[in-house]
Structures are given as structure tokens and as C-alpha cells.
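Student: I would like to learn how to read a helix and a sheet in a model. Can we work through an example?

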Amino acid sequence: MTVLILAREIEPQVDRVVEELAARDVPVFRSDLAAFPQALTLDAQLEPEGWNGTLATEHRRVQLSEIRSVWYRHPSHFELPEGMSRPERRHAAAEARVGVAGVLCSLDALWVNYPSREADALKPRQLDVARRCGLRVPRSLITNTPVGVRSFATGVDGPLAGKNLSAASLVESNHLQTAYTRRLGVAELADLSGVETTAHLFQEFIENKEFEVRATVVGKRVFAAAIHAGSETARIDFRADYSSLDYSAIEPPPPVRTGMLAFMRAFDLSFGAFDFAVTTDGEWIMFECNTFGQYGWLEDALDLPITSALADLLESGARS
Amino acid sequence: MTDHPTPLWRDPLFSPGDRFPLGPSHWHWDGCEDEPSGPATRPFSLRGVVVGPRMDTEAHWPYRYCPERQVAFVQSDGGSEVLYLKHTKPGPTPVTSGTVDGQPGKPPPEEMASPDYQSD
């Protein structure tokens, strides 16, 4: 039985798992979907047991019926042959997506994570499901009205956090730009122009945050790392100042652990990286769950056996 | 309690592309010369963005993907080829500029792409 890994060629965390599975003599077929259709072929027939056939590259081939688990680690978009017109490219891309995705998603295999389940986990849905799973989440507002922001701020009676609902990065003036979390006090909230241009997420700013936690869940195993900010910038958003961070291993309180696992079941996820603020009162407040979150730097800093846990899960193919 | 949110296959708002999200090839991030529009139309959420490197001047980070071993390699300063996975360790490494896992000034890739940012 084979582990299928759909990921970019340059993805160090995938490399680690590939090496771990190789050390266990577990067959692995790794490919980026950018290889389709030029360097990756799919040849599948519908048989009485389901779709069967082969995925193959110049170097490797796997029988679809032999795939016991799939690690879907954000592969890249299909790279189509040069020379196509734009309508042809659009058509070919849509055909590739439906054809390849349709066959692969039909396999009787464990997915880490199943693509549409991952896509289900939009931040507003996450906050609602987390709440229902017993996790404390920040008071939150999604709006495109300044009056709504002011009313929310009055209710919170403290600073707000301005956050993105989707990707934090964009390219503008040919520069990569990153929108980190912002602490919004009275001065920042005085001029709310631009709120009306799209949906915006505002949350209560957790003023009594002592540290943050990234808790990586693999199957039913939880690996949590406390992230201690060493600068004011990192205290607002740790991603903005990695050089100031210190880490320590931490065990989530049982209700938090139970809530995370319930959240994973609710979205039918096998992997997720939760971000929490932990207050000076010891309360854990969940911000979000990154369904393809990074963990390598925490694994290294704290010797957390996350790679091994992922290899265990993929090797077993066990579905909960 | 109904734990499970409505799955996408039942949600008419989501296309097949949303259900099978794909990212940009090889982390290639297209350049864009567009300037910020102005206060009347610029989203509030883009205030205070931190400006990173120019997309057309950032050094390309050389790596070689080994299809036999199915992992990537990079050149160390000494010229030898080493496993790329070694380069996410904390602290100085021969080549940290292209590291994509939580290095200073480099947001983790999870922040670089929302699931549905690229249309078919």
C-alpha cells in the first residue's frame, strides 16, 4: 500500500515525512499537481470496485487501488502546455481539475486533509464551530459598515484587533506586502474609511495575553508550543517578529484539548494547527485553525515528534 | 448540537475550484505594478501593511528536486548538496533567505495563499 503525497517540490515539512516513511519502508508517491499533464499522467478506468488505474511520472508509478492515504499539502496549479489560447487554457484547467480531483477524491483512502473539508474551514465558520465545540473565541464582528464597528467597539470597551479573513499577503507596486494583525485603539478607530469597501473582521484585542500557543493536531494527537513574544510587535502578531520569539512545550488543558478534537471532527480534518492566546488568568482563547499550518520550526525548537505522528497516520491509513 | 457545518458539496456558492484548492506553481508569486488606489476605495484591512521585498529583485533560491528520493536539495556555501529540510532549523543556516517556514521577514506559506485565490 502506498502513501500519495500531493505537494510542491519545495516543501521541507513534506521532505521530512517522505524521509521518515522511506526509513519505515513505506512506499510513497509524491507529486505536485503542477506536473499534470506534462510530467504526470493519470490513466483511470471505472471498475466495479471504483476508479482504478495509474498515476505515473517518468520515475515512478502507482496503482490507484494501492493508495491507502493521501497527504494533500496544497499542491500547485496544473501547468498546461505553452501555446494554448486563453479560452483553451481555461477549458483545459477546468477539465484537469474536475478530472484529476474527481478521480482522486473518489479513492477509498485517508485524506490529510480532504480538500473540500479544508476549504470548508473558512474563518467565520471556524469561529462558530469552535464556539459550539466549547472553545472560547474572541468577541468578533464581520462587517462593512463603520457604524457597526463603532457599536462593536463600544460593547467591547477596549481596543480591537483588525485581522484578515483570508490571505495576509498581496503584491502591490511589485512588492510583497503583508497585513499583520493590528491593535486598534481610539485613534485608529477614528477614521474608518475603507471599511465599507469589503468585509472586515474585528475582534476584541486580548489585552491580558500572556503568550500564544500553536497547537498542532495530527489525528487525535496534540502537540502544543507556547510562543513567547519578546517585542511589542510580536505581542500583537508573533508572525511579524520571529526573531524575538522564544518557545516552550505546553500541555493544553483537558477542555481545550477536547474542544480541538471536537472541532477536528466537525470539519472532518486530520491535521490542523490551532492558534490560541493564553491570558494571565490561564484562559485559552482560540483565534483560528490553519488547515495547512506550518510546524517545522516548532518541531525543531522543541523536539516535538510531529513528523513521526504524521508518518504514523499516513502509514496506518486509519480513519476515525 | 449540529457539529458539522454544511459541506461544500451542498453549498451552491462554492465552485469545483473552491472544493479542490490549488496554489501558485512553485510558490511563484506574480508581480503586480498596481499602486494603492486611494483612501476612498482602499480596504481598511490594508492599512499598515508591511512592505516586503520587490518581487522582481528577490533572488531566486536554487534547489534541485530529486525525483528518486522525492525530496529537495540545496547547495550549501561550501558547494556541497544538502537536504533542503535541514534549512528550517532555527538559527543561521547556509541559505536562509529562501526558507519558507517561519523565518524572520518571511511569513509562513499558510499566510501567502488563501484556498481560493487563484481562478482556473
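Tutor: Start where a helix ends. In this predicted model, α8(A) is followed by A:Asp268, whose phi is positive, near 60°.

Student: What should the 14 residues of helix α8 of chain A span?

Tutor: At 1.5 Å a residue, helix α8 (residues 254-267) of chain A should span 20 Å, and its end C-alpha atoms are 20 Å apart, so the two values agree.

Student: Which residues of α8(A) are buried?

Tutor: Begin with the general idea. An α-helix has 3.6 residues a turn, so residues three or four places apart point the same way. In α8(A), the buried residues are A:Val256, A:Gly259, A:Met260, A:Phe263, A:Met264, A:Ala266 and A:Phe267. They cover an arc of only 160° around the axis, which puts them on the same side of α8(A). A:Pro254 and A:Pro255, on the other side of α8(A), are exposed.

Student: What do the buried residues of α8(A) pack against?

Tutor: Their partners in chain A include the helices α3 (115-120) and α4 (123-132). Among the strands are β14 (209-218) and β17 (271-279).

Student: Now the sheet. Which order do the three strands have?

Tutor: The order is β10(A)-β11(A)-β1(B), in an open sheet with antiparallel pairing. β10 (169-172) of chain A and β1 (50-54) of chain B stand at the edges with a single partner strand each, so one side of each lacks a neighbour in the sheet. From one strand to the next, the twist averages 30°.

Student: How many bridges pair β10(A) with β11 of chain A?

Tutor: Four bridges, in the antiparallel sense, join β10(A) to β11 (residues 175-178) of chain A. As one bridge pair, A:Glu172 has A:His175 in β11(A) as its partner.

Conventions
Residues numbered from 1 in each chain as written. Chains lettered and ligands numbered in written order. Predicted model: local features only at pLDDT ≥ 70, side-chain atom pairs only at ≥ 80, totals over all residues. Pairing = 2+ DSSP bridges. Helix = DSSP H or I, 4+ residues; strand = E, 2+ residues; numbered from the N terminus. Axes fitted to C-alpha atoms, helices over the stretch in contact; angles between N-to-C directions. Expected span 1.5 Å × (residues − 1). Buried ≥ 20, exposed ≤ 12 C-beta atoms within 10 Å, placed from the backbone. Arc of directions from axis to C-beta. Contact = placed C-beta atoms within 7 Å.
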